Structure formats: structure tokens, C-alpha cells
Amino acid sequence: MKHRHGRQLAGGFPALHRILRVGAVIGMVAMAGSLIACRSNPIAPAAGTAEPDPPERPAVNALDRHTADARKARVSRVKYDLFVDLHGSKDHFSGKVTITFELSDPASDLTLDFGGGTVQRLEVNGRSVVIDYNGYFLTLPPAALQRGANAATIDFEHPYDIDGTGLHRFVDPVDGLTYLYTYLWPYYANRLFPVFDQPNLKATISLSVLAPRDWTVVSTGTASTEAAGNGATLWRFSNTPPMSTYVFSLHAGPYRIWQDDADGVPIRLMARQSLAPFVAVDEWFDVTRRGLAFYGRYFEIPYPFGKYDQLIVPDFNIGAMENIAAVTFSESFVQRQPSDRFERESRASTILHEMAHMWFGDLVTHEWWNGLWLNESFATQMAAISAAEVTEFKDTWHGFFTGGKQAAYRRDSRVTTHPIEVPVDSTADFFNVFDAITYEKGSSVLKQLAHYVGEENYRRGVSRYLQDHAYGTTELEDFVGHQQQSAGLGLERWSAAWLHTAGFNTLSVATNCDGDRLRALTVMQSAPQPYPDLRPHQVDVALYSLDGAGNVLPAVVIPMQIDGPRTTVPVPGERPCPALVNPNHNDWTYARIALDERGVAVLLARHASIPDPLSRSMFLAALFDRALAGEMPLADYVRHAMRLAQGEESIRVQQQISTSVVTAVAVMQRLRPQTDTALAKLLPELEQQALDSAARATTGDLRRNWFTTFTGVASTPTGLEAARALLNGSKVIPGLDVSGDIRWDLLDILSRNGAADIDALLATASAADPSDYGAKRALKVQAAQPDAALKAKWLKELQSPRELEGLANQRAVMSGLFPPNQTALQLELLPRILATLPDLSASSDPYFMSSYASVLLAPMCVEQSSALMQQTLDEYTGRLSSTALRFLQEALQADRECLSLRSGQ
Ligand SMILES: [Zn+2]
């Protein structure tokens with residue numbers, strides 16, 4: 001699956017993946033989560049000792065590893081024969097499932113996961129059984145079970161979900177059409193039907209569905225249909241291959257369908273009817289065809305699942321989900337105006353990420369959720385490898401550096417960080433590992449691994465691993481073992497250093513020069529407490545000298561391995577004393593670089609003259625790290641970045657400049673009043689330069705980039721006047737159409753800065769855009785108004801919804817509620833936000849909790865906010881879910897870090 005995408009600077013809820021990816025810094029944290037390896041054999045009791053009674057399974061909305069392991073040890077050869085009726089009620093669906101399985105030990109209860117439904121009938125092995133159902137799982141008593149083959153038949157009902165999990169139901173406000181889709185990862189298949197909902201009980205699933213006649217129904221298999229009377233059609237799907245339940249799916253509705261062919265594999269793309277005019281169908285199919293061909297070659301396994309459907313669905317909680325042969329995508333990948341390069345690349349990258357999962361994750365699956373990281377990191381890595389190979393985004397690793405990698409360093413510096421490979425005790429803990437460690441750090445480390453063992457050895461190891469374990473489940477050792485075999489290298493020490501420790505290393509350089517002659521060069525490796533581990537790094541070290549005019553010359557690049565605290569660089573021949581050194585040139589390894597004072601001085605004077613764009617980016621990131629660490633005033637960083645932007649040719653560096661500048665300004669706004677003087681001077685210049693750069697831009701991508709920068713920072717009277725003029729058409733940026741989605745960005749500016757006529761502006765905008773997208777953007781605009789009473793009302797709605805239904809709408813409100821210029825209003829409500837954490841974390845889904853406890857606790861940067869958060873931690877720790885606890889701890893850390901920046905501005 002992929003975290004949600006979304007341009008950070010634009011509107012919409014900036015959830016998950018992409019917010020991290022653009023280097024969200026203080027307090028704009030999103031999410032992540034993860035798990036550890038399951039040993040499938042239960043511990044056998046020692047001879048002569050009595051076997052203790054197994055602990056009772058707790059009645060909670062989660063599956064713990066112990067229960068899953070015990071079940072896996074008893075149950076095998078599972079098959080589901082599932083019928084689902086979507087033709088009846090608008091509130092719920094009903095169904096019948098017959099589960100056949102082998103049971104090795106019928107002596108104790110056996111549970112079937114089924115969350116939030118009702119059970120009408122239970123029959124086991126031909127006999128009716130009294131229903132024992134607690135709302136979380138159904139218990140089959142030993143008396144009904146037998147050793148060997150068993151069959152259980154259950155008639156059930158379940159309400160449609162509206163929070164984006166299970167079987168989600170959505171009604172399009174434009175045309176009233178109903179759309180359904182499932183989202184079953186990691187533990188929501190049990191909201192569709194009673195099931196052994198764990199990845200290592202792979203099963204064959206036979207599905208039939210009754211649906212209204214004008215709907216299309218999509219699932220893993222291929223379908224045949226027959227009229228069923230009463231306006232309904234019966235859909236019968238071919239049996240699936242053995243598969244994990246979390247990648248099963250059932251989508252239905254009057255979707256618009258496009259179809260084509262990819263070298264013999266039928267491919268389809270689907271979206272809501274009202275969104276259909278905006279879907280980039282040709283581009284989508286082009287990437288799909290290229291991706292399927294590339295992966296078939298790379299893995300040496302043809303696409304294994306017969307047909308490949310992709311559905312773009314509303315209210316999606318994350319970016320996309322790799323359901324076998326029926327992948328779902330967030331509608332954030334559809335723009336109602338021409339997409340810019342960033343948007344097209346996000347789309348391509350996500351298509352390729354999900355497609356990689358068809359082999360790695362779906363065909364071969366982790367035993368348990370500790371394996372999530374390898375699944376996600378691999379798909380993320382493959383998306384970059386394939387994008388660089390078969391799409392226009394040849395420099396996609398550069399984008400990975402400025403986005404995902406910065407998110408990984410950020411996540412890895414949180415108090416809640418963890419090793420890449422960690423135990424996951426329960427599906428309730430998935431938000432502790434659904435994060436930038438599991439996605440971006442892991443993929444950074446796999447990139448380093450491929451560089452270390454050699455790209456072709458790596459590819460061959462992957463291919464053999466997939467061939468050996470097709471349709472099965474694996475543990476980390478299986479993957480590492482194939483890499484060792486393929487490369488002929490021992491990887492025990494490498495694995496221990498990289499996969500089983502937390503934190504990152506920082507590389508710096510000591511030069512020993514005799515006048516202008518280099519005598520020795522040493523790379524120093526450090527690791528901040530509390531994670532002091534040093535690691536082996538296969539890197540390129542780049543030495544830069546200056547020409548007579550003081551400009552940076554192309555680098556001398558030295559490939560080498562760094563190991564331990566100090567490594568001498570084997571400098572070839574006589575070299576001049578370098579003005580600047582990059583110990584991680586080409587970004588092969590996962591380690592931040594630290595600049596010395598001389599390097600900083602060279603950059604401040606000559607940054608733009610560094611020849612290659614990735615190097616300019618890496619040095620810019622190092623400067624931004626200094627600013628965020630308080631080693632350089634934020635305003636100085638912004639000025640430097642904006643100077644660099646003046647002549648910058650790379651759109652990637654331009655985007656990095658923009659996102660970092662917007663982030664820096666947001667932090668400065670949170671640091672008021674210390675930053676008042678600096679902001680009073682900086683903001684008007686920044687607004688003007690952003691507007692001028694947009695107006696002068698020679699490409700649409702650059703224009704959008706600078707317009708987005710403007711919308712991110714606009715807050716002075718002149719800036720607001722410009723926003724208003726752009727909105728009413730009295731000011732025009734040539735080539736920029738503000739009648740579409742980006743009009744909402746202008747409304748965001750006016751709302752969060754207290755425009756008196758915002759209600760009237762909002763009414764006009766909503767009338768012009770009655771879509772679901774417009775409705776959610778309107779919620780954000782309403783929530784952003786700097787009005788204490790309104791904020792309190794919205795907060796109450798989030799805590800106990802009366803009118804605000806569904807997680808997607810709740811997230812829209814959260815995204816607007818506390819912009820960085822409204823920390824005083826946020827502080828006023830902070831006690832109420834904190835007081836509800838225990839109850840909400842007990843009653844709400846982790847997806848809600850992760851948004852609530854991160855977005856609403858963005859840093860206020862005062863003693864009082866930190867003290868209140870600390871007090872909540874002290875008082876409530878035992879009453880918080882692991883998700884609430886994680887985000888509260890991170891919020892407190894970010895608040896304190898922000899507070900510590902006050903003195904240096
Ligand atoms: Zn994924």
C-alpha cells in the first residue's frame with residue numbers, strides 16, 4: 001500500500017506519505033506503522049510438564065500475534081466460498097460464507113475474525129451451532145470441531161463503513177450515484193466477512209455477488225454475470241489462487257470503465273462517472289503497460305494474476321492499495337486541471353509501486369506484520385528503479401532524496417523511532433510501524449544494499465526469492481538468504497547493523513591540507529544518542545575545488561567503503577585542498593551529511609555554481625538541517641534558498657526550495673513574537689518573489705511551483721490583496737487558470753488570515769464547485785477561520801460527530817483547523833484536545849486517531865504547550881492506545897524542539 005499522496009503546499013488533507021515526503025518538518029508529521037516476524041510453530045511444552053491453558057483471546061478490534069500463531073499452527077488448507085448481497089439495504093450488506101479448512105487439533109475453541117457485524121446462523125460440519133459472537137470474533141466450540149476436514153457456514157450482515165475501511169460506501173453529491181470499494185489492509189477483511197484474517201493463512205476464495213443491474217463488480221478473479229431478477233445481476237468470480245485476505249477485494253458501483261491490453265494481459269481503469277472527464281487515461285495505461293513489461297523482465301516471472309484492474313476511489317484513507325488484480329487509488333491522483341510534473345510523477349510512481357506488490361507482497365507474502373517494512377520498502381525501491389528505467393522521470397532518485405529520504409531522517413530522529421525490523425505484537429500497533437521507517441528508510445537501505453552487492457546480483461536474488469516462494473509466505477531470512485547466495489557475500493553483519501538498529505549516521509569530513517595541497521582526507525561517522533551504532537556504507541566521496549573566479553568545479557569522485565568512526569579516503573595522486581566535500585555523493589547510502597564552516601561559506605557564496613542538481617539538493621538539505629537545528633537563523637536560510645532559486649534550472653531543486661521555504665516560514669510563524677521583526681521584512685519580499693517567479697515562469701511546472709509557494713506563505717495585507725485579486729480575476733498570472741481546483745488555495749489564504757467576507761466567498765466557490773472535492777475543500781476553509789467559537793465547535797464535532805460524518809470529512813476539517821499563524825487559538829483549545837485522548841483512543845479507529853493526535857497537536861512552541869502535553873503523558877499513558885501514545889510523544893518532542901529555536905532567530 002502507499003501512504004496518501006497530496007501536494008504538501010496545496011489544499012486537501014496533507015496526510016501520510018507525501019507530507020512526509022516533501023520534508024514536513026516541525027509538527028506537520030503524518031504517519032507510519034509496522035510489525036515483526038511470526039514464527040509459525042507454537043512453542044511445544046517441555047516433556048513431562050502440563051500444557052498451560054491458552055490465554056483467552058481478548059475481545060478487542062485487533063488480532064494479536066499469539067492468537068495468529070496458535071491458529072496458524074492448527075489450521076491449514078483454507079477455502080472460502082463467499083456470497084455477498086449488495087442489492088438490498090443502503091445501510092448494510094448481507095452475505096453467506098462457507099469456510100472449509102483442515103484442523104490438526106480440535107481440543108480448544110477456534111475463533112473467526114468478524115468485526116462489527118451480526119451473525120444470523122452458524123453451522124459447523126452440518127450441525128447448527130449456538131452463536132457465540134462478541135462483535136469482534138466468532139467462537140467455534142471444540143464440540144463442533146473435528147480433526148481433519150471441517151466446514152463452517154455463516155449467514156451474516158454488516159453495516160457499510162464510512163471511514164474508508166472494510167466495505168466503504170460513498171454517494172456522489174453531483175449525481176447521487178453510489179460507489180462501494182473495500183480497503184482490507186491490515187485487518188479489515190473481517191469487516192467484509194467472517195475470516196481467518198492473517199496473512200499467513202493463505203486461502204482460495206470463491207466469490208459471488210448480487211448487485212444492482214447497472215453496477216460493475218470487481219474483485220480478484222474474472223467475472224461472469226447472469227440476470228437475477230428484481231433489477232439485480234449475479235456476478236460469479238473465478239476462484240482465486242492461494243492469497244492473503246488483506247489483498248482480497250470487492251468493489252462495486254456504476255464506475256466508468258476504460259479497457260485496454262498490456263501484451264496479452266487485459267487492463268482496466270475505473271473511476272466515478274463525475275470524475276471521468278479528468279482522468280489521464282492514456283498516460284495511466286502507458287505507465288501500466290511499461291510497468292508490467294519491466295517487472296516481467298526484472299523478476300523473470302510473467303504477471304501472475306491474469307488481468308489487471310485499477311480503480312480510482314473516493315474517500316480513500318491512504319495513497320493506494322495493492323489488492324490482487326484490483327488495485328485501488330486515492331482520487332488525489334486525479335487533477336481537474338492539467339497535472340504538473342510533480343503530480344504526474346506521483347501518479348506514475350504509485351502505479352509502479354502497487355504493481356511491484358503483485359509479485360512482492362501478493363504472490364510472495366510476509367508471514368506476519370513485522371514483514372510489512374520489506375514489502376513496502378521493496379515496492380518503493382522498485383517504483384524508483386522502474387520509473388527511472390521506463391518513464392520520463394529518469395531522475396526519480398533525486399526526487400526520492402528531496403522527498404522520502406528527508407521524511408525518513410525526520411522520522412528516525414523522533415523519540416518513537418524503531419529499527420527497520422521490529423516485532424509487531426498486534427494489528428492494533430500497526431501505526432507504530434506504518435511510517436517513513438517502514439517505507440522510506442527501508443527503501444533507502446535496500447538501495448544501499450543493491451549498491452553494496454551489485455545491481456545485477458540484487459536483481460537475481462530477488463527473482464530467485466520470488467520464484468522459490470511463489471504463492472507462499474516468507475520471513476526476512478528468506479530474502480536475505482537469497483541475496484547472500486546471489487552475491488556470494490555474507491550479510492549477517494550488514495543485516496545486524498542496518499535492519500536491527502534504529503537511528504541514522506551523520507558523515508562529516510576532516511581535511512588535512514598543506515597550503516593548497518591536500519595531504520589527507522578522512523570521513524568521520526557519528527551517531528547521535530540514544531542510537532550510537534555505526535554502519536558500513538558503500539559510498540562515493542566527491543571533492544570539489546574552485547576555479548579562479550571562485551566557482552565550484554566538477555567533482556573528483558572516489559568510490560569507497562566507510563566503516564567505523566574514521567575512514568581514510570584513498571585520494572588518487574596530487575589533489576588541491578578541496579573547498580567542499582560530499583561524503584555521500586549520488587546519495588547511495590542512508591546518512592545525513594554535516595557541513596564544516598568552510599563548506600557553509602562556500603555554499604553561501606557559490607551554491608548555484610555546483611554543477612549537478614542532485615549535489616545542489618544535497619547541500620541545500622544540509623543547510624536546511626542546520627537551520628532547523630538552530631545553527632542558522634531560519635530567515636537566513638530562506639534568503640539563501642530564494643537567491644539560489646533565481647538562476648536554478650532544475651525543477652526538482654526549485655521544488656525543494658519552495659517546500660523548504662514554506663516550511664521555514666511556518667516554523668517562524670509558530671515562533672512569534674520572537675520572529676516578528678524578521679517576518680515583517682521577509683514575508684513581503686517572499687510573496688513578491690513568488691508571484692514574480694510565477695509570472696515569469698517559462699514552464700507550467702515552474703509556474704505552479706511558485707504559485708504554490710505563494711499560497712503557502714501569503715499573509716501580509718499586500719499578499720492578501722493579491723490573493724483576492726487573483727480570485728476575482730482583476731489580477732492574472734499568464735498561463736495559470738484559477739477557476740479550477742487551485743481557487744480553493746486562494747480561499748485558504750483568505751480564510752486563515754481572517755477575511756471578513758469569507759462566508760460570501762465560500763458560498764460563491766461552493767456554488768461553482770458542488771463536487772465532493774469542493775465540499776471537502778470548503779470544510780477546510782471553514783475550519784481555518786481565526787474564530788475561537790468556530791474552532792471550539794469544530795473540535796466538538798471531531799470529538800463527538802453530529803453532522804460531520806466519515807473520516808475523509810473529519811480529516812478535511814483537521815487539515816484546516818490550526819494553521820501555523822493561529823497557535824494562540826490552538827493553545828486555547830489544547831486542554832480540550834488532550835483531555836479527550838484516552839476516550840477517543842479507546843473508541844476510534846487508528847486512522848482517525850493518527851490524524852487527530854498529529855495534526856491537532858502541531859507545535860505551539862511555548863512552555864505551556866509542552867507542559868500540558870507532558871502532563872497528559874504522565875497522567876494518561878496507561879489509558880492511551882499505542883497510536884495515540886506515539887503521536888503524543890512525537891508532538892511533545894516537536895513542541896520542545898520548536899521552543900528551543902526561539903532564542904536563535
Ligand atoms: Zn505498498
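**View 1. In strand β2, Glu102 is the bridge partner of Ser76.** This is a predicted model, in which local features need pLDDT of at least 70 and side-chain atom pairs count only at pLDDT 80 or more, while totals for chains, interfaces and linings use all residues. Residues are numbered from 1 along each chain as its sequence is written, and side-chain values use heavy atoms, with hydrogens and water left out. Helices (H or I, at least four residues) and strands (E, at least two) are DSSP runs, numbered from the N terminus. A hairpin of 6 residues leads from β1 to β2. Two strands count as paired if DSSP finds at least two bridges between them. Strands β1 (residues 75-85) and β2 (residues 92-103) are antiparallel and share 9 bridges. Helix α2 (residues 65-74) packs on the sheet here, touching β1 and β2, and its direction makes about 105° with that of β1. Contact means heavy atoms within 4.5 Å. Elsewhere along β2, Val97 is the bridge partner of Leu82.

**View 2. The side chains of β2 alternate between two faces.** Phe93, Gly95, Val97, Ile99, Phe101 and Leu103 point to one face and are buried. Buried means under 20% relative accessible area, exposed over 50%, and partly exposed in between (1.4 Å probe, protein chains only). Look for Lys96 opposite Asp155 of β7.

**View 3. Eight strands make an open sheet.** Follow the order β5-β4-β7-β2-β1-β10-β13-β12, with mixed pairing. At the edges are β5 (127-128) and β12 (223-229); each has a single partner strand, so one side of each is left without a neighbour in the sheet. The partner of β12 shown here is β13 (residues 232-237), which runs antiparallel to β12 and is joined to it by 6 bridges. Ser224 stands opposite Arg236 in β13. The two strands form a hairpin with 2 residues between them, and Asn230 in the turn has a positive phi of about 60°.

**View 4. Helices α5 and α6 cross at roughly 140°.** The axes of α5 (residues 372-390) and α6 (residues 396-412) come within 8 Å. From α5, the contact uses Thr380, Gln381, Ala384, Ile385, Ala387 and Ala388, and from α6 it uses Thr396, Trp397 and Phe400. By class, these are 6 nonpolar, 3 polar and no charged residues. Ala, Val, Leu, Ile, Met, Phe, Trp, Tyr, Cys and Pro count as nonpolar, Asp, Glu, Lys and Arg as charged, and the others, Gly among them, as polar. Axes are lines fitted to C-alpha atoms, for helices over the stretch in contact, and angles run from 0 to 180 degrees between N-to-C directions.

**View 5. Helix α8 packs against several neighbours through its buried residues.** The 15 residues of α8 (residues 455-469) reach 21 Å from first C-alpha to last, close to the 21 Å expected at 1.5 Å a residue. That expected span is 1.5 Å times one less than the number of residues. Its buried residues are Tyr458, Arg459, Gly461, Val462, Ser463, Tyr465 and Leu466. They pack against elements including α3 (281-299), α4 (341-359), α5 and α7 (437-453). After α8 comes Tyr471, with a positive phi near 70°.

**View 6. Cys513 and Cys577 form a disulfide.** The search of the whole structure finds 2 disulfides, each defined as a pair of cysteine sulfur atoms within 2.5 Å. In this pair the sulfur atoms are 1.9 Å apart. The link is right-handed, with 85° about the S-S bond. Cys513 sits in strand β22 (residues 505-514) and Cys577 in the loop between β26 (566-568) and β27 (580-585), so the pair links distant parts of the chain, 64 residues apart. Cys513 is partly exposed at 25% relative accessibility, whereas Cys577 is buried at 11%.

View 7. Cys861 lies in the loop between α25 (846-855) and α26 (863-876) and Cys898 in helix α27 (residues 882-900), so the pair ties together parts 37 residues apart in sequence. Both Cys861 and Cys898 are buried.
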